[in-house]
Amino acid sequence: MSAAHGRSPEASGRAVVLGAGGVVGTAWMIGLASGLRRHGVDLAETDLIVGTSAGAIVGAMLATGEDLDRFAEFQRPAGTGAAATRVDQELLAQVFAVLGDPGLEPAEARRRAGQLASAAGVGSEHAHIARMASLISARDWPDGRLLIAAVDAGTGEPVVLDRAAGVPLLSAVAASCAMPGAYPPITVNGRRYIDGGLVSATNAGLAGDSRALVLVEPLAHLFPGEPPGRDTAAGVPRTVTLVAPDPAAVAAFGPDLFGAAAWVPAYRAGIRQSGDAARRILGVD
C-alpha cells in the first residue's frame, strides 16, 4: 500500500484514467467503454488503468474482462437489503465545506472528512462491498496494471491500492468509491479508507509518464480542470485525449449523481458519445 503522492509513478506506453462520477458517471463510462469497443477501441488493451471512485468500478470491470453489455439496464445489487443509495445530504454538505476550507491543509481536511464519514449511518461495509460484487464478477486482481485511488480516513493521506497492496479487489474498489454521506468507510487490515475522489476527481498524476493518455472525466462539467494538450514534463511528450460528458449527457444525468433512475439514460449517452470519442482516440478526422 503506497501513498499516492509518495512514490514516483512508473512510465508506461498507454494509460487510461477513469474519474469519479457517482452512479450516473459509472453508467455513462460503462456505456462509453462498450460503445468504444464497437468502434475498434478497447480501453482494456492498455498498459495502465487508473481508477478513482466510479472510475475504480469501471477500471476493475475493464481489467478483469467484465461483460459490459449486461449493464445496459440497471441491476439492483442482490442481498444488500437496500432499495437504493440513501445520501445524507447534510453530511455531504459538511464534507464539502471542510474540503473547501482554505484554512485547512488538504490532508487535514480529508482527515476531518474521514471523521465525519466514520460517524455517519449510511449502511454497512458488507452492503457496500456487496454492491461492488454485483457489478464486478471477478474476485481476484487482474494480471495487468490496475491502480485504484483511495484515502486513509484516519490520516487523510492519499493511498494507491493495487495487486501488491494486500487488499481484496472488491474492498479496494468499495473503498475508492466510499463517498462520505453516501457509503461507509471500508476497513482493511485495521485501517479505514474513503473515496479517492477527495484528493482529485481523476488522480491523473498516477499515470506517470505514459506517452498516450485517455482521460475519461464524468464530472468535467462540475470540476473543470486544465485543458488537455501536450505535456512535456519530465521530457516525455504526452498526447492526452479528454473524454467528458457532452451537454446532452449532462442533461441525462439529472441533478442526482447517485440516482439509479438515470442509469439507462446515462449508459445510452455514453454509447452515443463513443463514436466521436473513438475517432479522437484513434486520431481520425
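Hi everyone. A quick word on ground rules: the model is predicted, so local features need pLDDT of at least 70 and side-chain atom pairs count only at pLDDT 80 or more, while totals for chains, interfaces and linings use all residues. Residues are numbered from 1 along each chain as its sequence is written, and side-chain values use heavy atoms, with hydrogens and water left out.

Let's start with the whole chain. There are eight helices and nine strands; these are DSSP runs, H or I of at least four residues for helices and E of at least two for strands, numbered from the N terminus. Of the 285 residues, 53% are buried, meaning under 20% relative accessible area with a 1.4 Å probe and protein chains only, where exposed is over 50% and partly exposed lies in between.

Now look at strand 8, residues 212–216. Four of its five residues are buried. Which strands does it pair with? Strand 2, residues 14–18, runs parallel to strand 8 over five bridges, and V16 faces V214 there. Strand 9 also pairs with strand 8 in the parallel sense, again through five bridges, with A212 opposite T239. Pairing here takes at least two DSSP bridges between two strands.

F223 is partly exposed, because its relative accessible area is 44%. Together with F96 and L222, F223 forms a nonpolar patch on the surface.

Note on methods:
Patch = residues over 30% accessible without salt bridge, like charges linked within 9 Å, V, L, I, M, F, W, Y side chains within 5 Å. Areas by Shrake-Rupley, 256 points an atom, 1.4 Å probe, with all protein chains shown as cover. Salt bridge = Lys/Arg side-chain N within 4 Å of Asp/Glu carboxyl O.
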